[in-house]
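Hello,

Here is the structure I promised to pass on to you. Please open it next to this email and follow along as you read.

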Amino acid sequence: MLMRSDPFRDLDRFANQVLGTAARPAVMPMDAWREGENFVVEFDLPGINADSLDIDIERNVVTVRAERAPLDPNREMLATERPRGVFSRQLVLGENLDTEKIEASYAEGVLRLHIPVAERAKPRKISVARGNGREAIKDGAPQPEVINA
């Protein structure tokens with residue numbers, strides 16, 4: 001039986017497996033949304049040991065690293081489609097998020113990050129003084145202070 005080989009098709013298939021496509025990323029696909037005063041980011045990491053997860057924050061960049069252990073070289077594999085090795089993904093967060101209070105959890109192959117909105121970015125009310133007074137606004141103060149001039 002004669003089989004035809006198209007090296008360009010094979011290269012394209014290999015590139016899609018390694019790099020993924022816009023519709024289907026190869027590693028660490030994620031979803032992100034706002035839930036009240038938090039942003040939630042979920043990464044799909046099936047088969048990843050929780051001990052191999054590493055999350056670093058530098059300024060407003062979050063880097064997530066994970067490792068899927070290599071296969072046993074003595075095992076005869078019939079198919080190997082899941083990527084192995086170390087994966088990483090970076091998220092650039094806006095200045096309105098509080099990177100000091102990020103919480104992470106990992107369950108059933110999903111890494112979830114809860115990133116709270118910074119206090120300075122939350123909407124707040126400013127009361128208007130009547131008469132000759134003008135109002136001073138202090139960060140973190142629950143009640144505005146009125147200063148009479």
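Predicted model: local features only at pLDDT ≥ 70, side-chain atom pairs only at ≥ 80, totals over all residues.

Residues are numbered from 1 along each chain as its sequence is written, and side-chain values use heavy atoms, with hydrogens and water left out.

Strands (E, at least two residues) are DSSP runs, numbered from the N terminus. Two of them pair if DSSP finds at least two bridges between them.

**The four-stranded sheet**

Four strands make an open sheet with antiparallel pairing, in the order E1-E2-E7-E6. Strand E1 (30-35) and strand E6 (103-107) are at the edges with a single partner strand each, so one side of each has no neighbour in the sheet. On average, neighbouring strands here are turned by 15° against each other, direction ignored; the axes behind such angles are lines fitted to C-alpha atoms, and angles run from 0 to 180 degrees between N-to-C directions.

How many bridges join E1 to strand E2? There are six, and E2 covers residues 38-44. These two strands form a hairpin with two residues between them, and Gly36 in the turn has a positive phi of about 65°. On to the next pair: E2 runs antiparallel to strand E7 (residues 110-116), with seven bridges. Phe39, for instance, has Ile115 in E7 as its bridge partner.

**The three-stranded sheet**

A second open sheet has three strands in the order E3-E4-E5, again paired antiparallel. Strand E3 (54-58) and strand E5 (85-92) are the edge strands, each pairing on one side only. Five bridges link E3 with strand E4 (residues 61-68), and in E4 the bridge partner of Ile57 is Val62.

**Two loop residues to look at**

Arg59 sits in the loop between E3 and E4. Arg59 is not a glycine, yet its phi is positive, about 55°. Is Arg59 buried or exposed? With a relative accessibility of 76%, Arg59 counts as exposed; buried means under 20% relative accessible area, exposed over 50%, and partly exposed in between (1.4 Å probe, protein chains only).

Glu108 is in the loop between E6 and E7. Glu108 also has a positive phi, about 50°, although it is not a glycine, and at 84% relative accessibility Glu108 counts as exposed.

**The core**

In soluble globular proteins, nonpolar side chains tend to be buried together. A nonpolar core is a set of buried Ala, Val, Leu, Ile, Met, Phe, Trp, Tyr and Cys residues joined through side-chain atoms within 4.5 Å. The largest one here has 17 residues, and Met28, Phe43, Leu45, Val64 and Leu113 touch the most other members. E2, E4, E5 and E7 are the elements that give two or more residues to this core.

Beyond its neighbours within four places in sequence, Leu113 is in contact (heavy atoms within 4.5 Å) with residues including Phe39, Val41, Ile55, Val62 and Ala104.

Arg34 belongs to strand E1, and at 49% relative accessibility Arg34 counts as partly exposed. Which residues does Arg34 touch, not counting residues up to four places away in sequence? They are Phe39 and Val117. The side chain of Arg34 also reaches the backbone oxygen of Gly36 at 2.9 Å. In sequence Arg34 and Pro116 are 82 residues apart, while in space they are 9.5 Å apart, C-alpha to C-alpha.

Happy exploring, and write back with any questions!

Best wishes

Technical notes. Polar contact = N/O pair within 3.5 Å; in protein donor to acceptor, adjacent residues only side chain to side chain.
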